Amino acid sequence: MVLFLGAWIPRLGLPGIDNLMLHWAVSVPVTLLITSGVTNGFNMIDGVNGLSSFTAIGAALGLAFISFQSGYTEMVPLTLFLASVVLGFFVLNYPFGLIFLGDGGAYTLGFILSWFGVFILINAPDVSPWAVLLTMFWPVADMVLSIYRRSRSKAATMTPDRLHVHQMVMRALEIHFLGRGRRQLANPLTTLVLAPFIMAPIVVGVMLWDQSKYALIAFVVFSVLFFGSYSLTLPILRKLKRRVQWVVAHS
């Protein structure tokens, strides 16, 4: 994309740093970091039926609204086409998992959406980069959390684990509410439970599409809520898991 189309993120909505973004030697590496991060993020959240595709539909619709409001109407049909295509997949993937994205599908969604965001920033100078990032908040937050979690445990960055938010929610539903062995029900219910939290940053990003300061504040607030709730919930789930293991061992 950079070599053939000469495209990269033109600004970050941060005073001072945006002056550095005028130089390709700075903006190109930043672009590669962010777009590859979003691409990997969509693959990381592809762990339960419908979650990654639902997030992609929401992100595409959010980008469509931002493009329309900014006057960059050329992007509107592209984002709507993407949302429609993914919706066709979603109805077969959710709730029963008749087909799956796989790594290739999830990576492709993240790649396309991240570069749609780049082109919006290039062609619509009034759009806040933080508003665009809010439309993809969930996969980005989950990816950053995964890297932090694995670095603290001194595991390899790309080592898989079972501590993603959607996995914790699914196990909590199965163990605490539905009963063990009800994974087929807990799996799609996880997407339903997380849907409002996925959509909230997207809606805020659309509302603050041209207000970079407030979009940045919103991004920080959602980040604090995301990481804070995870930190508070993890010990509770671990205690619950130990309690279930004790009951099973003594029954």
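Me: Where does P95 lie?
Reply: In this predicted model, P95 is placed in the loop between α5 and α6.

Me: And what is the peptide bond from Y94 to P95, cis or trans?
Reply: The bond leading from Y94 into P95 is cis, and its omega is near 5°. As background, most peptide bonds are trans.

Me: Which residues form a nonpolar patch on the surface?
Reply: The patch is made up of L87, V91, L92, F96, L98 and I99, which together have about 630 Å² of accessible area. Of these, L87 belongs to helix α5, which covers residues 75–93.

Me: Switching to the inside, which residues touch the most other members of the largest nonpolar core?
Reply: That core has 65 residues, and the ones touching the most other members are L113, I120, V127 and V165. Among the elements, α6 gives the most to this core, with 9 residues.

Me: What does I120 touch, beyond residues up to four places away in sequence?
Reply: With those set aside, I120 touches L63, I66, S67, Y72, M75 and V127, and V127 is itself listed with I120 among the residues that touch the most other core members.

Me: What about S114, buried or exposed?
Reply: S114, which lies in helix α6, is buried, since its relative accessible area is 6%, and the cut-off for buried is under 20%. Apart from neighbours within four places in sequence, S114 is in contact with T35, V38, T39 and M136.

Me: Which residues in α3 are buried?
Reply: The buried residues of α3 are S27, V28, T31, T35, G37, V38, T39, G41, F42, N43 and M44, and among them T35, V38 and T39 are in contact with S114. The elements that the buried residues of α3 pack against are α1 (2–5), α4 (51–70), α6 (102–123), α8 (137–152) and α9 (165–178).

Me: How many residues does α3 have, and what does it reach end to end?
Reply: Helix α3 runs over residues 24–44, which is 21 residues, and spans 29 Å from its first C-alpha to its last, close to the 30 Å expected at 1.5 Å a residue.

Me: And S36, where does that sit?
Reply: S36 is also in helix α3, but S36 counts as partly exposed, at 33% relative accessibility.

Me: Why is α4 largely enclosed by the rest of the structure?
Reply: Because 14 of its 20 residues are buried. From first C-alpha to last, α4 reaches 28 Å, close to the 28 Å expected at 1.5 Å a residue.

Me: Last one: what is M199 in contact with, leaving aside neighbours within four places?
Reply: M199, found in helix α10 (residues 183–207), is in contact with F54 and G58. M199 and T55 are 144 residues apart in sequence, yet their C-alpha atoms are 7.8 Å apart in space. As for its accessibility, M199 is partly exposed, with a relative accessible area of 26%.

Conventions
Residues are numbered from 1 along each chain as its sequence is written. This is a predicted model: local features need pLDDT of at least 70, side-chain atom pairs count only at pLDDT 80 or more; totals for chains, interfaces and linings use all residues. Side-chain values use heavy atoms; hydrogens and water are left out. Helices (H or I, at least four residues) and strands (E, at least two) are DSSP runs, numbered from the N terminus. The expected span of a helix is 1.5 Å times one less than its number of residues. Buried means under 20% relative accessible area, exposed over 50%, partly exposed in between (1.4 Å probe, protein chains only). Contact means heavy atoms within 4.5 Å. A nonpolar core is a set of buried Ala, Val, Leu, Ile, Met, Phe, Trp, Tyr and Cys residues joined through side-chain atoms within 4.5 Å. Patches are made of residues with over 30% relative accessible area and no salt bridge: like charges are joined within 9 Å, nonpolar side chains (Val, Leu, Ile, Met, Phe, Trp, Tyr) within 5 Å. Accessible areas come from the Shrake-Rupley method with a 1.4 Å probe; for residues, only the protein chains shown count as cover. A salt bridge is a side-chain nitrogen of Lys or Arg within 4 Å of a carboxyl oxygen of Asp or Glu.
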